[in-house]
Amino acid sequence: MTEFKNTEHELKLFRLRLFAVAMLVLVCFSLLTARFIWLQIVRHDAYAAQAEENRISVVPIVPNRGLILDRNGVVLARNYSAYTLEITPSKITMGLDELVDELGTLVDIQPKDRRRFRKLQEESKNFESLPIRTRLTDEEVAKFTAQRYRFPGVDIQARLFRQYPYGKTAAHVIGYIGRISQRDADRIADSDDEANYNGTDYIGKEGLEKSYETQLHGTTGYEEVEISAGGRAVRTLSRTPASPGQNLILSIDIELQKVIEEAFGDRKGALVAIDPATGDILAYVSQPSFDPNVFVEGIDQQTWDELNNSPDRPLINRPLSGTYPPGSTYKPFMALAALELGKRKPSDSIRDPGYFWLGNHKFRDDKEGGHGVVDMYRSIVVSCDTYYYMLANDLGVDAIHDFMKPFGFGQITGIDLEHERKGLLPSTTWKANAYRKPEQRKWYAGETISLGIGQGYNAFTPIQLAHATATLANNGIVMKPHLVKMIEDGVTHERTVTVPKESYRIPLKQENIDVIKQAMVGVNKEGTGARVFAGTEYTSAGKSGTAQVVSIKKNEKYDAKRLATHLLDNALFTAFAPADKPRIALAVIVENGGWGAEAAAPLARKAIDFYLLGKRPGDKAKPAGKGDDAAATAATTSGPDPVGNDLRD
């Protein structure tokens with residue numbers, strides 16, 4: 001039976017299908033057209049910029065860090081280029097220990113390199129490139145380059161490195177740089193200078209490297225590079241060069257610094273020397289010291305533990321943060337206070353029996369039997385304690401505080417280093433605020449007595465003592481002490497002075513200053529400093545001091561032979577020269593050194609000899625001539641000085 005097709009129905013069905021397909025095609029083309037309009041018209045600018053960014057890579061150009069030089073142009077911190085073997089932990093394909101072992105067959109990797117890398121890894125992000133070995137030799141570079149394909153995530157980078165050619169010398173002044181830690185990165189992110197640290201791996205950590213970080217860092221440059229789809233650089237489109245950091249010209253004389261540090265030897269202590277007329281710090285010694293080079297690439301744990309746990313505390317910046325009683329070096333300032341406040345005249349004298357009674361408490365002089373009749377000049381020359389016990393009692397603690405404060409005692413000097421300690425210049429107000437119990441907050445008359453000889457609550461930093469001595473030498477004109485003398489532009493080499501003028505003047509009578517200076521000259525001619533300063537080619541002024549580390553019980557004598565080394569007295573000495581027009585003023589402390597005239601004064605003499613005369617320790621001294629003071633010449637012999645004074649202070 002033949003079946004007839006319904007042509008009309010099939011045609012209708014075909015047309016329906018054709019319409020559906022046409023509509024589908026139309027919708028698809030509409031969507032494509034809409035998407036095209038969205039991409040090419042609506043979002044054209046955004047995607048064009050993104051495409052350009054994919055085509056162009058912006059690479060930061062890290063600026064050369066500024067140099068640090070001493071006052072004579074000697075380079076103390078410099079940059080040099082070298083190759084570094086670096087690992088990016090997120091890109092390696094084998095275990096880290098296994099990888100380092102394999103690398104060790106090509107490049108010398110020491111245990112300390114591994115420890116340092118582990119420490120850096122703890123402080124860094126996983127995708128950061130970290131050095132496993134720095135300063136590769138050409139042979140090591142060649143060996144690794146030939147085998148590079150074996151080590152994904154490992155590469156060689158050309159880096160600029162910081163070097164401190166003088167090592168331990170002046171390390172506490174210069175400080176050091178180190179890799180940017182997470183804490184540093186967070187601080188940079190919160191600052192207005194974040195963009196300037198793109199591509200930078202290092203930042204100042206301590207010393208002048210830290211306090212002058214902004215000046216030393218420079219300005220980061222940028223390079224626009226066209227890259228292929230494979231990420232290969234094709235050409236450089238534009239370049240904004242980096243501006244190098246500014247150079248620091250220090251006031252330090254590095255040769256003077258070396259002479260003093262060598263003279264200290266294994267002893268602990270500090271010495272600060274200042275030009276009184278300018279505030280330039282000529283030498284800034286903190287002993288023992290450390291090598292800042294070990295910090296640059298990240299210090300390994302073992303070396304860190306050795307430095308941090310050493311009983312000698314080499315990382316402590318003693319001139320800045322060490323606080324000590326000034327001992328008898330305080331006496332010239334006490335005498336000046338007496339003159340200025342009308343409590344004493346230079347000719348006023350006392351009879352010293354070797355002690356001073358206050359109530360039922362006996363304050364002893366260091367010389368048994370006393371010094372006899374003592375006026376102001378002699379009180380400084382022989383360092384008579386009894387004279388200053390009485391003077392402190394007459395002045396009172398608050399008068400002492402108010403007079404000493406302008407000299408910088410117990411005050412921040414403003415030196416251009418961070419973490420300066422204030423020290424302690426006591427007063428009744430200070431004590432009332434320092435303690436909680438009523439009986440502790442009260443000031444007792446007996447507490448004032450010890451202040452007169454630089455003991456008691458007095459606690460000052462070596463920089464404060466040197467600053468006060470320089471101010472006295474400069475007749476009360478206060479110059480801010482500073483380590484950076486000038487800042488030099490890295491491009492134009494134009495120099496800017498950091499401290500162009502005086503800070504202020506202390507209103508002192510010149511005749512009173514002259515009395516004190518004359519007495520301090522007497523110290524080095526016929527007093528406690530005579531033996532050390534005998535035969536000098538210049539006239540110097542000085543004052544020795546000895547400060548107790550432990551208290552001596554009533555009716556008990558100080559016996560150094562019975563005490564452990566760390567319990568011995570601290571030895572101090574202050575000086576300036578030439579006495580008539582000082583070019584150098586200094587303060588020195590030798591921790592547990594014993595007597596100031598024996599342990600500290602020789603260091604002062606060596607420093608002044610070198611700075612004024614160019615003499616180094618060991619150079620043959622000039623024989624005493626006709627112009628030399630007879631008493632000073634005679635004082636070169638052992639034993640008491642020519643006039644029978646005790647020279648131990």
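Which residues in α13 meet Ile400, Phe403 and Met404 in α16? In this predicted model, the α13 side of the contact is formed by Phe333, Met334, Leu336, Ala337 and Glu340. Helix α13 spans residues 331–340 and helix α16 spans residues 397–404; their axes lie 10 Å apart and the packing angle is about 100°. Because angles of 65 to 115 degrees count as roughly perpendicular, α13 is described as roughly perpendicular to α16. By class, seven residues of the contact between α13 and α16 are nonpolar, none is polar and one is charged.

The protein contains 24 helices and 23 strands. Of its 649 residues, 47% are buried. Among contacts with a separation of 6 or more, 73% join residues 24 or more positions apart.

Two packed helices are described by the angle between their axes and the distance between the axes. For helix α10 (residues 254–264) and helix α23 (residues 601–613), the axes come within 10 Å and cross at roughly 155°. Angles over 145 degrees count as roughly antiparallel, and α10 and α23 are therefore roughly antiparallel to each other. The crossing of α10 past α23 is right-handed. On the α10 side, the contact is made by Glu255, Leu256, Val259, Ile260, Ala263 and Phe264, and on the α23 side by Leu603, Lys606, Ala607, Phe610 and Tyr611. Nine of the residues in this contact of α10 with α23 are nonpolar, none is polar and two are charged.

Isoleucine 350 belongs to strand β13, which covers residues 350–352. With a relative accessible area of 14%, isoleucine 350 is buried, because the term applies under 20%. Isoleucine 350 and valine 374 are 24 residues apart in sequence, yet their C-alpha atoms are 5.4 Å apart in space. Beyond residues up to four places away in sequence, isoleucine 350 touches Gly372, Val373, Val374, Thr386, Tyr387 and Met390.

One of these partners, Thr386, is located in helix α15, residues 385–395. Threonine 386 is buried, and its relative accessible area is 1%. A polar contact of 2.6 Å links the side chain of threonine 386 to the side chain of aspartate 352. Apart from neighbours within four places in sequence, the residues in contact with threonine 386 are Ile350, Asp352, Pro353, Gly354, Tyr355, Phe356 and Asp365.

Buried residues also occur in loops. Histidine 482 is placed in the loop between β17 (477–478) and β18 (484–488). Is histidine 482 buried or exposed? Its relative accessibility is 4%, so histidine 482 counts as buried. The side chain of histidine 482 reaches the backbone oxygen of lysine 480 at 2.8 Å. When residues up to four places away in sequence are not counted, histidine 482 touches Ser251, Thr278, Gly279, Asp280, Ile281, Asp416, Thr498 and Val499.

The backbone itself has several further features, which fall into two groups. Most residues other than glycine have a negative phi, and most peptide bonds are trans. Arginine 135 is not a glycine, but has a positive phi of about 55°. Arginine 135 lies in the loop between β4 (130–133) and α5 (138–146), and at a relative accessible area of 42% this arginine is partly exposed. Alanine 170, likewise not a glycine, has a positive phi of about 60°. The loop between β5 (154–163) and α6 (171–174) holds alanine 170, which is buried, with a relative accessible area of 3%.

The other group consists of cis peptide bonds. One joins glutamine 287 and proline 288, with omega about 0°; proline 288 is in the loop between β12 (281–287) and α11 (301–308). Another cis peptide bond joins alanine 577 and proline 578, where omega is about -20°. Proline 578 is found in the loop between β22 (570–577) and β23 (584–590).

Methods:
Residues numbered from 1 in each chain as written. Predicted model: local features only at pLDDT ≥ 70, side-chain atom pairs only at ≥ 80, totals over all residues. Heavy atoms only, no water. Helix = DSSP H or I, 4+ residues; strand = E, 2+ residues; numbered from the N terminus. Buried < 20%, exposed > 50% of the residue type's maximum accessible area, 1.4 Å probe, protein only. Polar contact = N/O pair within 3.5 Å; in protein donor to acceptor, adjacent residues only side chain to side chain. Contact = heavy atoms within 4.5 Å. Axes fitted to C-alpha atoms, helices over the stretch in contact; angles between N-to-C directions. Parallel < 35°, antiparallel > 145°, perpendicular 65-115°, else oblique. Nonpolar A, V, L, I, M, F, W, Y, C, P; charged D, E, K, R; others polar. Left-handed = near helix turned anticlockwise from the far one by under 90°.
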